[in-house]
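Hi,

Here is the structure I promised to pass on. Have a look at it first, and my notes follow below.

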Amino acid sequence: MKVRVHVMLKDGVLDPQGEAVRHALGSLGFSGVGAVRQGKVIELELAEGTSDETIVEMCEKLLANTVIESYRFETV
C-alpha cells in the first residue's frame with residue numbers, strides 16, 4: 001500500500017522558503033501572489049494493512065516536527 005504524507009509549517013511559523021518563492025514569482029512577472037507556503041510530500045510503500053495508528057506514529061516520531069509542522073496523510 002502506498003501512503004502519501006503532506007507536511008506543512010503551522011500557521012504563524014515563518015516560512016523563509018515560501019517567501020523566497022513568492023519573491024521569485026514576482027520577479028518573473030507573476031503578480032497577485034499574496035503568500036506562498038512551502039511543504040514537503042513523502043511517499044511510503046507500506047505493507048498492506050498497516051494501521052493508521054502506525055502511520056501517525058511514524059509521522060510524529062520522524063516525518064514531521066509537530067512543534068512547528070502539521071501533517072496529513074492519504075492512501076493512494
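**What I found**

The protein exposes about 5,300 Å², and carbon and sulfur atoms supply 56% of that area (accessible areas come from the Shrake-Rupley method with a 1.4 Å probe; for residues, only the protein chains shown count as cover). Bear in mind that this is a predicted model: local features need pLDDT of at least 70, side-chain atom pairs count only at pLDDT 80 or more, and totals for chains, interfaces and linings use all residues. Residues are numbered from 1 along each chain as its sequence is written, and side-chain values use heavy atoms, with hydrogens and water left out.

On overall dimensions, the C-alpha trace spans about 50 × 25 × 15 Å along its principal axes. The radius of gyration is 16 Å, whereas a compact globule of 76 residues would come out near 11 Å (taken over C-alpha atoms; the globule rule is 2.2 Å times the number of residues to the power 0.38). Of the 76 residues, 22% count as buried (buried means under 20% relative accessible area, exposed over 50%, partly exposed in between, with a 1.4 Å probe and protein chains only).

Now the fold. There are 2 helices and 3 strands, and along the sequence they follow the pattern β-α-β-α-β (DSSP runs numbered from the N terminus: helices are H or I with at least four residues, strands E with at least two). The 3 strands make an open antiparallel sheet in the order S2-S1-S3 (two strands pair if DSSP finds at least two bridges between them). Strand S2 (39–45) and strand S3 (69–75) are the edges, each pairing on one side only. Strand S1 (residues 2–9) pairs with S2 over 7 bridges; Val 7, for one, has Lys 40 in S2 as its bridge partner.

Helix H2 (residues 52–63) lies across S1, S2 and S3, and runs at about 145 degrees to S3 (axes are lines fitted to C-alpha atoms, for helices over the stretch in contact, with angles from 0 to 180 degrees between N-to-C directions; contact means heavy atoms within 4.5 Å).

Why does His 6 count as buried? Because its relative accessibility is 17%. The His 6 side chain makes a polar contact with the side chain of Glu 74 at 2.9 Å (a pair of N or O atoms within 3.5 Å; within protein, one must be able to donate a hydrogen and the other to accept it, and residues adjacent in sequence count only if both atoms are side-chain atoms).

Cheers
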